[in-house]
Amino acid sequence: MTTSTLAYPVVTATGPAARPALITRPLLIRFVSMVGSATSFYLLLSVVPSYVAAAGGAAPGAVTGALMLATVLGEMVTPRLVARFGYRWVLAAGLTLLGVPSLALMASTHIAAVVAVCLVRGLGFALTVVAGGAMTATLIPAERRGEGLALTGVVAGVPALAALPLGLWLAAHHGYAPVFVAAAVAALIALATVPWLPARAATAGKENAIGVFAGMRMPQLRRPALIFALTTTAAGVFVTFLPLAVRPGSAGVVAAALFAQAAASTAARWWAGRRGDRHGFAALLVPGLLAAAAGMALLVFTSSTAAVLGAAVIFGAGFGIAQNATLATMYSRVPQSAYGTVSALWNLAYDAGLGIGAVAFGAIMAGTGYPIAFVLTALVVAVGLPIARRDRSAA
């Protein structure tokens, strides 16, 4: 097949009897590797910069930058590796590169050594999220793709929420070495499950693989990826600047708002998955964008506790809908041989959007103040509305 002739199938329900089982043995095993890789990654995400800073390092931010740079670059090449070697081998390589180098952090606090470890771990994380995400999509029945993707989002999200504070707590109370060992063990436990996962989907082969840059040129993939990137740009703003924008002494409000945003996102992602499986996902893109934009605009009133909490819930709901609808839409438009490309594009949109949003907002806010900058962020999200309408009409 050629990349210019992909169809735009829409999944519709055909009755309760047609709904296959969602939870299967391979999917449960995949959940174990998913939890292990997420735990390994997030345990060290905040710990390594503090490790460098505690040792007198001059640039603790460089380690996170190196980690994310390697992740983004790795995401761009992983689909080709999957096409050549299959899901299982690439996932195994990623878990190894994510876990084993964590132990090397105990050997040196020199910034060059730590950056080198972060580069390797970033590449490993890229391999795990792209190859693992593509593999997970093959284990979910097409009739329940949205619901299945929502469930995997919850499974991956829980260790992320728990491991970030746990890593810092362990480092503060027991030192850094136990955290490094725990990160390595989590990845290696996940690695032990890989032999029980499928090596490659039955219909996936490198002869029909689509590269990342080819995927970017395909409107049916580019449009939902761009919509998601616009939404994640706002997410980067929300998690980075909300604690700074509210009035002093409102730490409890910020904590409640961040929790409300995460909870609303999870609930909305689940709802969008179930609804999309029955009625199609393209129709959910506009409501998701509208909710995300409205939530960001409401942050103009950061002096009001009710407005901040309302903004968190509304933005979280929009973000969750966009997460599920864009990913499910992209998977529905390609054969299994291109699932790696979809996984890479979606994760690139996620990582790039978070980073660009935080950096750009900081530069704009310095000249405009928080209220105008939040409104401008809402307008950036709204740019996705004509793209979403065009995407739905093309489908």
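Which helices each supply at least two residues of the lining of the second largest pocket? They are helix H8 (212-216), helix H9 (219-245) and helix H13 (339-368). This is a predicted model, in which local features need pLDDT of at least 70 and side-chain atom pairs count only at pLDDT 80 or more, while totals for chains, interfaces and linings use all residues. Residues are numbered from 1 along each chain as its sequence is written, and side-chain values use heavy atoms, with hydrogens and water left out. Helices here are DSSP runs (H or I, at least four residues), numbered from the N terminus.

**The second largest pocket**

- A pocket is defined on a 1 Å grid over the protein atoms alone, as an open set of points where a 1.4 Å probe fits, with protein on both sides within 12 Å along at least five of seven lines.
- The volume of the second largest pocket is about 220 Å³, where a volume is the space filled by probe spheres set on the grid points, which are joined across faces, edges and corners.
- Its lining residues (those with an atom within 4 Å of a point) include Val72, Gly215, Met216, Leu221, Arg222 and Ala225.
- Leu226, Ala229, Leu345, Leu348, Ala349 and Ala352 also belong to the lining of this pocket.
- H9 gives the most to this lining, with 5 residues.
- By class, the lining has 10 nonpolar, 1 polar and 1 charged residues; Ala, Val, Leu, Ile, Met, Phe, Trp, Tyr, Cys and Pro count as nonpolar, Asp, Glu, Lys and Arg as charged, and the others, Gly among them, as polar.

**Helix H7**

- Helix H7 (residues 176-192) has 17 residues, which at 1.5 Å a residue should span 24 Å; its end C-alpha atoms are 25 Å apart, which agrees.
- The expected span is 1.5 Å times one less than the number of residues.
- Val179, Phe180, Ala183, Ala184, Ala186, Ala187 and Ala190 of H7 are buried (under 20% relative accessible area, with a 1.4 Å probe and protein chains only).
- Seen down the axis of H7, these buried residues fall within an arc of 155°, so they line one face of the helix; the arc is that of the directions from the helix axis to the C-beta atoms.
- An α-helix has 3.6 residues a turn, so residues three or four places apart point the same way.
- Helix H1 (25-45), helix H2 (47-54), helix H4 (87-104) and helix H6 (145-174) are among the elements that cover the buried residues of H7.

**Helix H10**

- The 29 residues of helix H10 (residues 251-279) should span 42 Å at 1.5 Å a residue, and the end C-alpha atoms are 41 Å apart, which agrees.
- Gly280 follows H10 and has a positive phi, near 95°.

**Single residues**

- Val77 lies in helix H3 (residues 60-85) and has a relative accessible area of 43%, so Val77 is partly exposed (between the buried limit and the exposed one, which is over 50%).
- Val77 and Thr341 are 264 residues apart in sequence, and their C-alpha atoms are 9.3 Å apart in space.
- Leu73 also has its place in helix H3 and is partly exposed, at 47% relative accessibility.
- Thr109 is in the loop between H4 and helix H5 (111-138), and is partly exposed at 36%.
- Not counting residues up to four places away in sequence, Thr109 touches Tyr51, Ala55 and Val114; contact means heavy atoms within 4.5 Å.
- Arg392, in helix H15 (residues 384-394), counts as exposed because its relative accessibility is 52%.
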